[in-house]
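Here is my note for your review. Please read the points with the structure open beside you.

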Amino acid sequence: MAASSLIDGLPSMKLIARSMRQKSERLRERTFTIALFGAFSAGKSSFANALIGERVLPVSPNPTTAAINKIMPPQEGWEHGTAKVKMKKVDAILQDVLYSLELLGVQAGDMPSALKRISALSPADVTAKGKPHYSFLKAVEKGWSAAQNQLGTELKITKDDFPSYVADESKSCFVEFIELYYSNALTDQGIIFVDTPGADSINARHTGVAFNYIKNADAILFVTYYNHAFSQADREFLLQLGRVKDSFEMDKMFFIVNAADLAASTEELDGVIKHVETNLIQHGIRNPRIYPISSYLAAEGKITGSDELVAQSGIRPFEQDFVQFTFNELSDVAIHAANLELKRAITTMQQWLERAQSGEEQRKRQLAELEQAEHAGMELLLNTRYEAELKELRKEIQELLYYVKQRTMYRFGELYNYAFNPSTFRDDIRDPKQALQSAWSELLRMIGYDLSQEVLATTLRVENQMNKISGRRYKRWEEQLIEKLEGFESGNYEAYDFVTPEVATQLEVTEVSLKLLQSYFKNAKQFFEGDGKSKLRNELETRMNAPVALFIDQQTLILEQAYADQLENGLMKLKEQMQQQLNEHVEGARNALEMKIDLNELISKQHQLKGFIG
């Protein structure tokens, strides 16, 4: 900030000064969003409490509909210990209810009819896969009368009320997100903790929410429990992490094996860590950072002041690496960018000094050349068209989505086996028809989910490519202007944050009749031990090719339109930025050549700027 104030008075350095100010403000007001992911039983809340050193997040038994919970630094209007509760809108809760009812084979059209259907449900009607949805629907029924008048509103509650909105399902099922404003050693340094719904939450269908935190969080902490196998939901989430890992500039993922104190021996613990590592590698996550930790011992040790318990918990190696990444590596990127701006300002001042100290004839000649170069530079920028960049973008999107189709159909067998498995038919032994219909619905859901995750992962690659395209265009402009204007130097290209288009999660599939499904199924023994299952797989796989291809064609068109507009707008802004830099360069050079600068003041400011470089 001091450096920007120093040069702010120089008319031909307004852009550099503004850039310095922005970087300074970003560094000073920097917050770090840390997103916690994992199944409900993994102990995410316990782990967050262990990091914070206080029992802030309630550890609930096994909710299936938890809202997004954030722990944030206090701010104006939201003092320490208060919380903001954003309630879902009426339409959002209705869609959640209708979705869960549909998965249980029940139809409803509005909330009154849905509540009647929920009231008639009993545990005996529900399969194992449907139990989370049953639990959610019963929570809605229980909490509806208290919540209905609050839907769509924002509540301000105290820390004492906070646990019930997090852990009581009859309240939490109506909550979109909660922000707890809490002063603590970590939040005071700008850390924001986001405790996301478990990968096994019934809200996992809201794929965009989880993806936004994967994309935008500064660090991702995936928590798994010591002696729990990865669930199907965990595996799908890890697969998505594997898809996007290489799209990030820095590896921001940390993997926590919670309850490590349950290990009977070092050898047993090593075996579990090796098992987790193998699973992560299988899901495309190479060189994972894995930390065995006991959240219970860490929290207990910090709360009671026992260094011995904290050391036993194993949390210290993680905290050291986490602090190094968050406060050093992430900040170093911003500091490096600020230093580049300082060096650019110093170099520019040196050019002015040299021009101002030239002989009179030389200055006159340079002024004439400067005017011609300015005109040529402006003409160059004004005449730039973006057809090549837009064509490159369309080609990138088409190629990436072509491979999405290939990968999804390659997974068909795996997803089919998960949907049509013996346990489904054991659950529904009284009604094989319902089991077949349920398995087919589950297969459709999983293929739609897989496609949506693949497309979302693709959007990251597309946005990275857009920044590469924009960065190359920006660099090319700089090179062309340097050829025309001696000493011209632009600021560094700063990557844009693009808006990710909404991605569909459902396929348009021609209905497969129950009669067709039954034609391959006489009984469970014939289906699984005979050839019924393999024949039905071939039939369904053939039928899925066209809907998947249609889905990809539709998403290709959506991405092309959404991203072409954003790329063109971004390039136009870059052009304006380059024009401003050209104007400032010419203005500064002209002032120097016309002796309109105070040389002593300039030398003094240049000397002071050199002292700011870190």
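1. Two strands pair if DSSP finds at least two bridges between them. With that in mind, leucine 36 stands opposite leucine 221 in S7. The strands concerned, S1 and S7 (residues 219–225), pair in the parallel sense over four bridges. Bear in mind throughout that this is a predicted model.

2. The sheet as a whole. Nine strands make up an open sheet with mixed pairing. Their order is S4-S3-S5-S2-S6-S1-S7-S8-S9. Strand S4 (154–158) and strand S9 (290–293) are the edge strands. Each has a single partner strand, so one side of each has no neighbour in the sheet. From one strand to the next, the twist averages 20°. As background, strands of a sheet pair through backbone hydrogen bonds, either parallel or antiparallel.

3. S1 against S6. Strand S1 (residues 32–37) and strand S6 (residues 191–195) run parallel and are joined by five bridges. Threonine 33 stands opposite isoleucine 192 in S6. Isoleucine 34 stands opposite phenylalanine 193 in S6.

4. S2 against S6. Here the sense is antiparallel: three bridges join strand S2 (residues 68–72) to S6. Isoleucine 71 has phenylalanine 193 of S6 as its bridge partner. Look at phenylalanine 193 in S6 from both sides: isoleucine 34 stands opposite this residue, and isoleucine 71 is a bridge partner.

5. Is S1 mostly covered or mostly uncovered? Mostly covered: six of its six residues are buried. One side carries Phe32, Ile34 and Leu36, and the other carries Thr33, Ala35 and Phe37. Both faces are covered.

6. S6 is mostly covered too, with five of its five residues buried. Ile191, Phe193 and Asp195 lie on one side, with Ile192 and Val194 on the other. Both faces of S6 are covered. Note that Asp195 is among the buried residues.

7. Which part of the chain holds lysine 89? Lysine 89 sits in the loop between strand S3 (82–87) and helix H4 (90–103). Lysine 89 counts as exposed because its relative accessibility is 56%, and exposed means over 50%. The C-alpha atoms of lysine 89 and phenylalanine 174 are 8.5 Å apart. Along the chain, these two residues are separated by 85 residues.

8. Salt bridges. How many does the structure hold? The count is 33. A network of them links Glu236, Arg243, Arg407, Arg411, Glu414, Asp450 and Glu454.

9. A salt bridge between helices. Lysine 302 pairs with glutamate 319, with 2.5 Å between the closest N and O atoms. This pair links distant parts of the chain. Lysine 302 belongs to helix H12 (residues 295–304) and glutamate 319 to helix H14 (residues 315–356), 17 residues apart. Lysine 302 has 26% relative accessibility, so this residue counts as partly exposed.

10. Lysine 475 and glutamate 478 meet through their side chains, 3.1 Å from N to O. They are three residues apart in helix H19 (residues 432–484), which means a separation of about one helical turn. Is glutamate 478 buried or exposed? Glutamate 478 is buried, because its relative accessible area is 9% and buried means under 20%. Lysine 475 is partly exposed, at 43% relative accessibility.

11. The side chains of glutamate 529 and lysine 525 meet at 3.0 Å, N to O. The two are four residues apart in helix H21 (residues 524–529), so about one helical turn separates them. Both glutamate 529 and lysine 525 are exposed.

12. Helix packing. Two packed helices are described by the angle between their axes and the distance between the axes. For helix H17 (residues 412–419) and helix H22 (residues 532–593), the axes come within 11 Å and cross at roughly 125°. That angle makes H17 oblique to H22. Their crossing is right-handed. H17 makes the contact through Phe412, Gly413, Tyr416 and Asn417. H22 contributes Lys533, Leu536, Arg537, Leu540, Glu541 and Met544.

Conventions:
Residues are numbered from 1 along each chain as its sequence is written. This is a predicted model: local features need pLDDT of at least 70, side-chain atom pairs count only at pLDDT 80 or more; totals for chains, interfaces and linings use all residues. Side-chain values use heavy atoms; hydrogens and water are left out. Buried means under 20% relative accessible area, exposed over 50%, partly exposed in between (1.4 Å probe, protein chains only). A salt bridge is a side-chain nitrogen of Lys or Arg within 4 Å of a carboxyl oxygen of Asp or Glu. Axes are lines fitted to C-alpha atoms, for helices over the stretch in contact, and angles run from 0 to 180 degrees between N-to-C directions. Angles under 35 degrees count as roughly parallel, over 145 as roughly antiparallel, 65 to 115 as roughly perpendicular and the rest as oblique. A crossing is left-handed if the near helix is turned anticlockwise from the far one by less than a right angle, and right-handed if clockwise. Contact means heavy atoms within 4.5 Å.
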